[in-house]
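I opened my notebook today to look up a few spots in a protein model. Here is what I wrote down as I went along.

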Amino acid sequence: ELFFKYLELVTPFEINESERISLHPAHKEYIEKVGLDALTCENKLNATAAYYALVEFMDTQIGGIISALEKSGLLEKSIIVYFSDHGDLIGEHGRWHKGCFYEGSVRVPLIIRMPHKKTARERVRKNVSLIDLFPTIADWVGKSLPYPVDGNSLVPLMENSDSEWENVVKAEYYDSRNDCRRMILEDKWKFC
């Protein structure tokens, strides 16, 4: 049902010729190698509608979890963390998969609901990483880590979004050919 709803609402991304020409050679090679130019308009529309339908489905499921926690009286004792491991470009820049560092792939949702935070929603505009979740959880439960880790606790940022923060994120991607790509994002600058 959601799929058919979005079939009527979405328009797949299409790249124009000037964007195609300006693509990095690695992206052009990927598009050609995987055969993305051969995707039909119908396939692109179906894939885009399915993606949006899945997002709405997940939103509904999360709403159900929150509702169940509320009914059971556990909502105010629960920390809720919602995140994703990667985005899917669904045709942006001519790509349909993960595996590159365009924002649609590398910038993922990270939503944290703290039971004691009664203030309005706040968006923290700092660069954070999923590797920050492990030290954050340790911080929440009052445990120190027995060894150094790459991430940092997000608790100071959640308490005060103006806290001093190393505004750097590093990412790596390995594919089945043992090809490795790396990215560093510092403030608003990205090096891939």
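**Entry 1: glutamate 103.** I looked up the side chain of glutamate 103 and found a polar contact of 2.7 Å with the side chain of arginine 107. Another polar contact, at 2.4 Å, links the side chain of glutamate 103 to that of lysine 190. My note on the term: a polar contact is a pair of N or O atoms within 3.5 Å; within protein, one must be able to donate a hydrogen and the other to accept it, and residues adjacent in sequence count only if both atoms are side-chain atoms. Glutamate 103 sits in helix H5; helices (H or I, at least four residues) and strands (E, at least two) are DSSP runs, numbered from the N terminus. I also checked leucine 133, 30 residues away along the chain from glutamate 103, and their C-alpha atoms are 20 Å apart.

**Entry 2: about the model.** This is a predicted model, where local features need pLDDT of at least 70 and side-chain atom pairs count only at pLDDT 80 or more, while totals for chains, interfaces and linings use all residues. Residues are numbered from 1 along each chain as its sequence is written, and side-chain values use heavy atoms, with hydrogens and water left out.

**Entry 3: serine 153.** Is serine 153 buried or exposed? Serine 153 counts as buried because its relative accessibility is 16%, and buried means under 20% relative accessible area, exposed over 50%, partly exposed in between (1.4 Å probe, protein chains only). I found serine 153 in the loop between helix H6 (133-140) and H7. Its side chain has a polar contact of 2.7 Å with the side chain of aspartate 139. The side chain of serine 153 also reaches the backbone nitrogen of valine 155, at 3.2 Å. Leaving aside neighbours within four places in sequence, I listed its contacts (heavy atoms within 4.5 Å): Asp132, Pro135, Thr136, Asp139 and Trp165.

**Entry 4: two positive phi angles.** Histidine 93 is not a glycine, yet I noted a positive phi of about 60 degrees for it. Histidine 93 lies in the loop between E1 and H5 and counts as partly exposed, because its relative accessibility is 24%. Aspartate 187, also not a glycine, has a positive phi of about 55 degrees. I placed aspartate 187 in the loop between E4 and strand E5 (189-191). At 44% relative accessibility, aspartate 187 counts as partly exposed.
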